[in-house]
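Please keep the sequence and the structure in view while reading.

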Amino acid sequence: MEDCIFCKIINGEIPSHKFYEDDLMIVIADIAPKANKHYLAIPKKHYKSFTDMTGDDAVNLGKCIKKVGEIAPSLGLENGFRFVINQGEDGMQTVPHLHMHLLGGQKLNEPNYNK
């Protein structure tokens with residue numbers, strides 16, 4: 001998508017420090033961190049949400065998730081991390097390109113899902 005900020009980062013149009021990159025995804029720091037370590041794992045193929053994925057996209061997302069587990073220690077997440085995907089307006093998705101938040105580097109509080 002030509003106006004997608006994540007696509008622009010992936011394509012090198014917007015500079016960003018990539019902590020990890022392969023054929024399927026990049027990992028960058030979140031610009032508004034919610035933990036000592038807060039990264040975004042972003043699939044290189046643009047799709048907005050789970051409902052926009054093809055079967056092949058789902059397989060590739062699974063590969064990305066597996067890779068996140070493998071690289072977590074190199075990101076300073078060796079003691080664990082929270083893995084979050086926000087989807088849609090009610091899920092607080094702010095960038096319409098599916099991405100995964102990795103939060104850690106500290107003992108995280110229990111999320112409060114009450115109103």
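How many aromatic pairs does a search of the whole structure find? In this predicted model, the search finds 1 aromatic pair. Its members are Phe 19 and Tyr 39, whose rings are arranged edge-to-face, with 5.1 Å from centre to centre and 75 degrees between the planes. The pair links distant parts of the chain, since Phe 19 belongs to strand β1 and Tyr 39 to strand β3, 20 residues apart. As for accessibility, Phe 19 counts as partly exposed at 39% relative accessibility, whereas Tyr 39 is buried, with a relative accessible area of 6%.

The cysteines raise a separate matter, that of covalent links. A disulfide is a covalent bond between the sulfur atoms of two cysteines. The count of disulfides in this model comes to 0. Cys 4 is in no disulfide, and the nearest cysteine sulfur, that of Cys 7, is 3.7 Å away.

| Residue | Relative accessible area | Class |
|---|---|---|
| Cys 4 | 5% | buried |
| Cys 7 | 7% | buried |
| Phe 19 | 39% | partly exposed |
| Tyr 39 | 6% | buried |

The remaining topic is helix α2. This helix covers residues 55-71, and at 1.5 Å a residue its 17 residues should span 24 Å, which agrees with the 25 Å that separates its end C-alpha atoms. At the start of α2, a side-chain oxygen of Thr 54 reaches to within 3.4 Å of the backbone nitrogen of Asp 56.

Which residues of α2 are buried? They are Asp 57, Leu 61, Cys 64, Val 68 and Ile 71. Viewed down the axis of α2, these buried residues fall within an arc of 90 degrees, so they line one face of the helix. What covers the buried residues of α2 includes the strands β1 (18-21), β2 (25-29), β3 (37-43), β4 (81-84) and β5 (100-104). Among these strands are β1 and β3, which also carry Phe 19 and Tyr 39 respectively. On the face of α2 turned away from its buried side, by contrast, are the exposed residues Gly 55, Asp 56 and Lys 66.

Notes: Residues numbered from 1 in each chain as written. Predicted model: local features only at pLDDT ≥ 70, side-chain atom pairs only at ≥ 80, totals over all residues. Heavy atoms only, no water. Helix = DSSP H or I, 4+ residues; strand = E, 2+ residues; numbered from the N terminus. Expected span 1.5 Å × (residues − 1). Buried < 20%, exposed > 50% of the residue type's maximum accessible area, 1.4 Å probe, protein only. Arc of directions from axis to C-beta. Contact = heavy atoms within 4.5 Å. Polar contact = N/O pair within 3.5 Å; in protein donor to acceptor, adjacent residues only side chain to side chain. Phe/Tyr/Trp six-rings, centres within 6.5 Å; stacked < 30°, edge-to-face > 60°. Disulfide = S-S within 2.5 Å.
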